[in-house]
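Have the model open while you read.

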Amino acid sequence: MAEHGVTEFLLTVDDLETMVRAGVFDRDDATRVELEDGRLVRMSSESMPHARAAARLSLALNLALARLDLTERYEVLNGGTVRVSETSAFDPDGAVIARDAEAFFLRPDQVFLVIESSLATLKRDLGSKSRSYAAAGIAEYWVIDVKHANLHVFRRPFDGDWTERLTLTADDSVSPLFASDADIALKSVS
């Protein structure tokens with residue numbers, strides 16, 4: 001909340017897109033930002049454990065899509081921006097999207113799964129980001145807890161909340177809703 005006599009200027013996702021297109025934010029580590037409730041949030045630099053966990057899960061998803069012959073329909077992204085409301089847009093560590101998705105920032109209806117690899121931002125990823133993805137209708141959201149080697153799985157949003165929540169360990173396997181036979185062994189990604 002702004003101090004009395006001070007007017008706060010909140011941004012929209014369209015404002016952010018205009019700034020990114022103009023080069024205000026070049027999307028490198030020094031200027032990585034997300035927009036949450038109209039406010040710019042600077043993203044922390046990625047550590048090796050953070051990047052490694054996200055890359056391994058993305059690779060496992062790509063291998064599962066190929067094995068299940070689903071690469072014509074789905075694509076795994078490492079990065080990209082997902083528009084979750086008019087005033088919030090996040091840059092997840094990974095996402096599975098429709099192969100034919102076309103947009104500067106992805107819309108929720110183009111995204112089947114969002115992935116965050118979390119080391120320094122676990123509270124935000126499990127809290128406000130999770131609620132925002134549910135409210136946007138993202139079908140599934142996975143958060144890799146790098147420190148504790150867990151995968152938090154959120155599924156089936158309803159009324160701005162998740163109807164299914166799981167916490168999996170390295171001994172478990174997981175399949176996304178859109179590919180129920182994927183059977184990804186979490187040992188392979190930890």
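What follows starts with the overall build of the chain and then moves to its salt bridges.

**The chain as a whole**

Keep in mind that this is a predicted model. The secondary structure comes to four helices and twelve strands. If you box in the C-alpha atoms along the principal axes, you get roughly 55 × 35 × 35 Å.

Buried residues account for 47% of the 190 in the chain. Take the contacts between residues at least 6 apart in sequence: 49% of them join residues at least 24 apart.

**Charges and salt bridges**

The chain carries 21 positive and 32 negative side chains, and the centres of the two sets sit 4 Å apart. The structure holds 16 salt bridges.

| Salt bridge | N to O distance |
|---|---|
| Glu17 and Arg21 | 2.9 Å |
| Lys129 and Glu34 | 3.1 Å |
| Glu36 and Arg124 | 2.8 Å |

Let's begin with Glu17 and Arg21. Both lie in helix 1 (residues 13-21), four residues apart, or about one turn of the helix. Are the two partners buried or exposed? Glu17 has a relative accessible area of 17%, so it counts as buried, the cut-off being under 20%. Arg21 has 54%, so it counts as exposed, as that is over 50%.

Next up is the salt bridge between Lys129 and Glu34. Lys129 belongs to helix 4 (residues 128-136) and Glu34 to strand 1 (residues 33-36), so this pair ties together parts that are 95 residues apart in sequence. Lys129 is buried at 1% relative accessibility, and Glu34 is buried at 0%.

Then there's the salt bridge between Glu36 and Arg124. Since Glu36 lies in strand 1 and Arg124 in helix 3 (residues 122-126), the pair ties together parts that are 88 residues apart in sequence. Glu36 and Arg124 are both buried.

**A linked set**

Which residues are linked in a network of salt bridges? Glu34, Glu36, Arg124 and Lys129 are among them, and Glu116 and Asp125 belong to the network as well.

Methods. Residues are numbered from 1 along each chain as its sequence is written. This is a predicted model: local features need pLDDT of at least 70, side-chain atom pairs count only at pLDDT 80 or more; totals for chains, interfaces and linings use all residues. Side-chain values use heavy atoms; hydrogens and water are left out. A salt bridge is a side-chain nitrogen of Lys or Arg within 4 Å of a carboxyl oxygen of Asp or Glu. Helices (H or I, at least four residues) and strands (E, at least two) are DSSP runs, numbered from the N terminus. Buried means under 20% relative accessible area, exposed over 50%, partly exposed in between (1.4 Å probe, protein chains only). Contact means heavy atoms within 4.5 Å. Lys and Arg count as positive and Asp and Glu as negative; His and the chain ends are not counted. The place of a charge is taken as NZ of Lys, CZ of Arg, CG of Asp or CD of Glu.
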